[in-house]
Amino acid sequence: MSTVSLNGLSHTYENTVTPSVQPFNLFIDDGEFLVLYGPSGSGKSTILRMVHGLEAPKTGSILIDGVDVTHAAVNDRDVTLALESYALYPHMSVRDNLGFALRVDGLPAEEIRERVESVTSKIGLSGILDAVPGDLSQLQRQTISLARAVVRQPKVLIMDEPVVNLVPEHQAETLRLVKDLQQEFGLTTLYATADLEDAKVLGDRIAFLDHGRLIGVEKPEVAEALVASIADVDS
Amino acid sequence: MPGLRPPQIYAVHRADYGAIAELPWHQPLREWSEDLLGGLPRGISRHVVRFVEIGDEVLAIKETDDRQALREFDILGVLGNLAVPTVEPRAYITERTTAESAKLPGALITAYLDFSLPYRALFSRSLAEDTAGRLVDALAVLLARLHLVGFYWGDVSLSNTLFRRDADAYAAYVVDAETGELHDQLSNGQRQMDLRIARTNIAGDFLDLQAGGIIDPTIDPLAAGQRLFEAYNGLWAELTRVEEFSVNERWRIDERIRRLNDLGFDLGELTVTTDLDGVSLLVEPKVVEPNHHSRRLLRLTGIGANENQARTMLNDLDSHRSAPGYTGGAHGSGELPAELSEDEAAKAWLEEVYKPLIAAIPDNLTRKLEPGQIFYEFVEHRRVMSRARQRDIPTMEAIAYFIVDYLANLPDESRYVDTQKF
């Protein structure tokens, strides 16, 4: 659990003149669920990618827990993208599907066991730890994929429109799962979406983006009013 | 069926359109009749994937949403145009509905890559030492090639790759690009992220094979992930690093070019900058192109082959050319030896070695291996025979033994389709 400070952050893609993200300041509190909301091209994914380390900012700095990671390597940020690794392995049990990435990260077996059991008990999956993916429902598989990010206990969890490619009946369930996991583990989370309803359901606060500009950051209760005012300005 | 709304079909080749349109697009792919299917691929795709036979071709169909189908179709097409090894996109289907007008996912259709094998199959079919390491090395080369053209994969894994035999190594092909992004140039962060994902996924791929009892428990899955990291970083450094030489050390530029050639790359463009004092040179490869040996073989003989197969053929060609007293069939007849030009030697080798071998393969054995791999296996078989008998084996004799003792006993690999379901 950590804080994230984005200070004067901006971004311009190579061979372009118009900034994809104009300079902005944003502080995300420890354990906060912050939604970056805006249409395609608003800059929300680019902000996530800068925090993740995939894009280098043109200006500004990124601090996680007060430590400047603006130019740190991807592996040195402790930021995890949910659904970063998609596959569930057919021969491996749920326990091993959840824990193998921790083995790659070099964690001792006992700590891996504790983390996996802690996460699965909190999301009601303890009973299927020894099952293999072929025995699971689509939703259970989706849950395991999301839980794989949580067992890593990253300082910051990021999600970039994770439900957009799901069939509608799984979208609502997955959103609820995302919210439950975030609240249960208190993970500082940045979540990008173009769906205002999703943003209102999920976010502790919503950062409104339009054409690369941060328009404002508000509680979900006042989201509609802010969106209406943005529409007025645009028209 | 009257009243069904037809889906939108875009096919690259007009000839494919009719057969594709006749497929039962109003049914979920999972429910398609087994009669249509060439088999089920064995893998861990998140999507339903099926093979269908259309004419004498096998096509792979992946069910995904409309937007993703179009996007991946475009990406695979661009990668193909950039000469990156990928499966070939053939069509995409959107706006599918059931008979009851319920929405169905779209679909992406790619051509089956002949003689390709999924990594899982290679462990049941290869007794070669260090199959795991060779697969990882092939994936490292593929990843470096993708990064050179600005492709961030986003889900690097053995599962998303197909492999063709390439002499004693493998050549890797992108088979799933749905998470990929094309950029003018990748940032270090994008390359680091691909490597991080690769290391995790490769370990997962091998741990899964161990859990299924498919590979030797002594293989270290975590070391396999680390091997990719090291192989990629070594190759990337050789392909891209800027070196500083003294102006008196221009020979080191030739050394750099030779090292790149040995790795299978040609230098298309090199930037050499002299410092202000005129004391040192900064040398930076700007354009490196893969398939150094394949291109040379193609130019000399017209044969298309994978890089290491081509290297084997070129070595054999050189060996044939330099045989004591050899002057080539065209010049032969025991007269004074005359040096053959490279082109003349290639022509002679083609007529005297390569063509007799390929022509001697019975029709029922041509699906065992690609011609380039047949040649490599033949050279190896001939070498082992010669060592055992302590003499050179004449070409036609070696071919006969190779076919009967070796090739006939191999499984067909032209179209590997596994019928085991997960």
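Which residues of α2(A) are buried? I opened my notebook with that one, keeping in mind that this is a predicted model.

**Entry 1, helix α2(A).** I looked up helix α2 of chain A, residues 94-104, and found it mostly covered, with nine of its eleven residues buried. I wrote down the buried ones: Val94(A), Asp96(A), Asn97(A), Leu98(A), Gly99(A), Phe100(A), Ala101(A), Leu102(A) and Val104(A). Next I asked what these buried residues of α2(A) pack against. Within chain A I noted α3 (109-122) and α4 (138-150), and from chain B I noted α5 (188-211) and α6 (221-240). Just after α2(A) I came to Gly106(A), which takes a positive phi of about 90°.

**Entry 2, the contact between the chains.** With chain B now in the picture, I checked how many residues each chain gives to the contact. Chain A brings 25 residues and chain B brings 28 residues.

**Entry 3, strand β7(A).** Is strand β7 of chain A mostly covered or mostly open? I found it mostly covered: of the five residues in 156-160, four are buried. I then looked for its partners. Strand β6 of chain A (residues 79-81) runs parallel to β7(A), joined by three bridges, and here I saw Thr80(A) opposite Leu157(A). Strand β8 of chain A (residues 188-193) also pairs with β7(A) in the parallel sense, over five bridges. For that pairing I noted Met159(A) opposite Tyr191(A).

Terms used. Residues numbered from 1 in each chain as written. Chains lettered and ligands numbered in written order. Predicted model: local features only at pLDDT ≥ 70, side-chain atom pairs only at ≥ 80, totals over all residues. Contact = placed C-beta atoms within 7 Å. Buried ≥ 20, exposed ≤ 12 C-beta atoms within 10 Å, placed from the backbone. Helix = DSSP H or I, 4+ residues; strand = E, 2+ residues; numbered from the N terminus. Pairing = 2+ DSSP bridges.
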